[in-house]
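Here are my notes on the model you sent over, as numbered points. Have the structure open while you go through them.

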Amino acid sequence: MIDGAWRPFLYERREQILEGRIAEFLLRPLHWLISAPTVLFLAALTAMLLRHPDVQFYEIDRVAFLLLVLGVAGRVVVLRRPLIVWERASWPMLALTLLALGSVAGRSFDHETWSLLASKLIVPFALFHLAGMVFAEERSLRQFETFALIVLAYLSFTAIAFLIGAHSLIFPRFILDESLGFHADRARGPLLQAVANGVSLNMLGIVAWHAYKRGARRGVWIVVLLASLPVAILATMTRAVWLSFAGTVVALIFLSENARFRRRAWVALLSLSVVGTGVILSCHEFAGSLNERFEEQGPVDFRKAVYAGGWEMFFERPWLGWGFHRMPAELPRFVSGYEEKVLYPHNTYLELLVEQGLLGFAVYLWLMWELWRLGRGKTPESGTKGFLNHDFHRMWPILLAVYWVNAALVVMSYQFVNGLLFAMAGMLAGQHRRAEAAYSC
């Protein structure tokens, strides 16, 4: 039996234990967020890739992005590090964002406009800064590389399954919904646009080739993955994607410092081209589809009309432009022969000129210059086997060129594509920052 004098003390102690358990229960999710920034980052990219277009307010990817920001912010506060580190590329990013925000500030709320603003500017620029803090160790960089290979395998499998008509193997099912997105007759992937899918395949293919070349990923599975990539690219049925991929292959061969490898690569490329051509010609139905794509004139005529109308819009307001996301609604007034009430420019640079004027376009060129400079930084601290090694720096201009070339044929409003590019740019910026700090010590 407990003495009456001890009862108040025991009750108080019991309340303290209960309060401690409640606090632990409430803080445990925050602990999980803080302790797994790499998982949060890759989960956010996955949500951006696979989000269903009909989800109201695009909640899945926005929630994942918000959790990422909270997790990284909590981590830097606990570790007493700067909440944001300003890079040279941060200033044109900030300027572009402010220009866009200024053009939409006085307009009524439009969910599509704000969603595009997030996809084109806010989210990619945030991922740039977050990646520099999250991927600070070789282990996290290897996790990103593994993620890139898995996504490449998924996109390639989906594209090839579409090409051979195995639609039952395609996931998510909304990829096959003809009422959503564009190019329902091509391998467009979860991005619902053939060019965006092709850009993703091309960029991720460079990452896979980089992993194989430095010996980080060996085995039959990655050889099969790289061998299936040209077929997946072909399945997009998009001439711009084909040309940019061909240019990528040639550039990667030229960049090789091993003369023996270059000779073998040229022989392998020539052999693959001959075999591929023979296989295509032997399949009359497929050969006919390719021939139709090469000879198709309708998209070219449409682009000519849209580009002509876009230039008219630009010359009316050349300096500050028409405002963010104003071009699709205004462009039909400047284009004749088409009945659509909304027209898209299919060119990132023309859209920038029309909507943000010469000022915004100059800032964008400044940003691209700063991204290009990231490939010319300090010697990587991770040696020849690390992800951000010397070879990755040499391949960085090719990654940018893939993005730039395809941006001339589609508006880069695809959150996953933008996020992927700016995430890798943030990794390079973080590496340069660490290298400069090490040299200054």
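1. Val 77, Leu 83, Ile 84, Trp 86, Trp 91, Leu 94, Leu 98, Trp 366 and Trp 369 make a nonpolar surface patch of about 940 Å². For a patch, residues need over 30% relative accessible area and no salt bridge; nonpolar side chains (Val, Leu, Ile, Met, Phe, Trp, Tyr) are joined within 5 Å, like charges within 9 Å. The areas are Shrake-Rupley values with a 1.4 Å probe, and for residues only the protein chains shown count as cover.

2. A word on what we're looking at. This is a predicted model, in which local features need pLDDT of at least 70 and side-chain atom pairs count only at pLDDT 80 or more, while totals for chains, interfaces and linings use all residues. Residues are numbered from 1 along each chain as its sequence is written, and side-chain values use heavy atoms, with hydrogens and water left out.

3. Ile 84 sits in the loop between α3 (59-78) and α4. Ile 84 counts as partly exposed because its relative accessibility is 41%; the scale is buried under 20% relative accessible area, exposed over 50%, partly exposed in between (1.4 Å probe, protein chains only).

4. Now the salt bridges: the count is 9, taking a side-chain nitrogen of Lys or Arg within 4 Å of a carboxyl oxygen of Asp or Glu. Have a look at Arg 88 and Glu 370, whose closest N and O atoms are 3.1 Å apart. Arg 88 is in the loop between α3 and α4 and Glu 370 is in helix α14, so this pair ties together parts 282 residues apart in sequence. Arg 88 is partly exposed at 47% relative accessible area, whereas Glu 370 is buried at 5%.

5. Arg 142 and Glu 145 form a salt bridge too, with 3.5 Å between the closest N and O atoms. The two are 3 residues apart in helix α6 (residues 138-163), so about one helical turn separates them. Arg 142 is partly exposed at 31% relative accessibility, and Glu 145 is buried with a relative accessible area of 0%.

6. Glu 330 and Arg 326 also meet in a salt bridge (3.5 Å, N to O). Glu 330 is buried at 16% relative accessible area, while Arg 326 is partly exposed at 27%. Elsewhere, Arg 51, Asp 61 and Arg 62 are linked in a network of salt bridges.

7. Inside, there are 3 cavities of 30 Å³ or more. A cavity is a set of points on a 1 Å grid over the protein atoms alone where a 1.4 Å probe fits but cannot get out, and lining residues have an atom within 4 Å of a point. The largest cavity has a volume of about 250 Å³, volume being the space filled by probe spheres set on the points, with grid points joined across faces, edges and corners.

8. What lines the largest cavity? There are 18 lining residues, and Lys 120, Leu 121, Thr 348, Leu 352 and Tyr 364 lie nearest its centre. Two or more residues come from each of α4 (90-104), α5 (111-134), α14 (348-373) and α16 (415-440). The largest share, 7 residues, is from α14. By class, the lining has 12 nonpolar, 3 polar and 3 charged residues, where Ala, Val, Leu, Ile, Met, Phe, Trp, Tyr, Cys and Pro count as nonpolar, Asp, Glu, Lys and Arg as charged, and the others, Gly among them, as polar.

Technical notes:
1 Å grid on protein atoms, 1.4 Å probe; cavity = no way out; pocket = protein on both sides within 12 Å on 5 of 7 lines; lining within 4 Å. Helix = DSSP H or I, 4+ residues; strand = E, 2+ residues; numbered from the N terminus.
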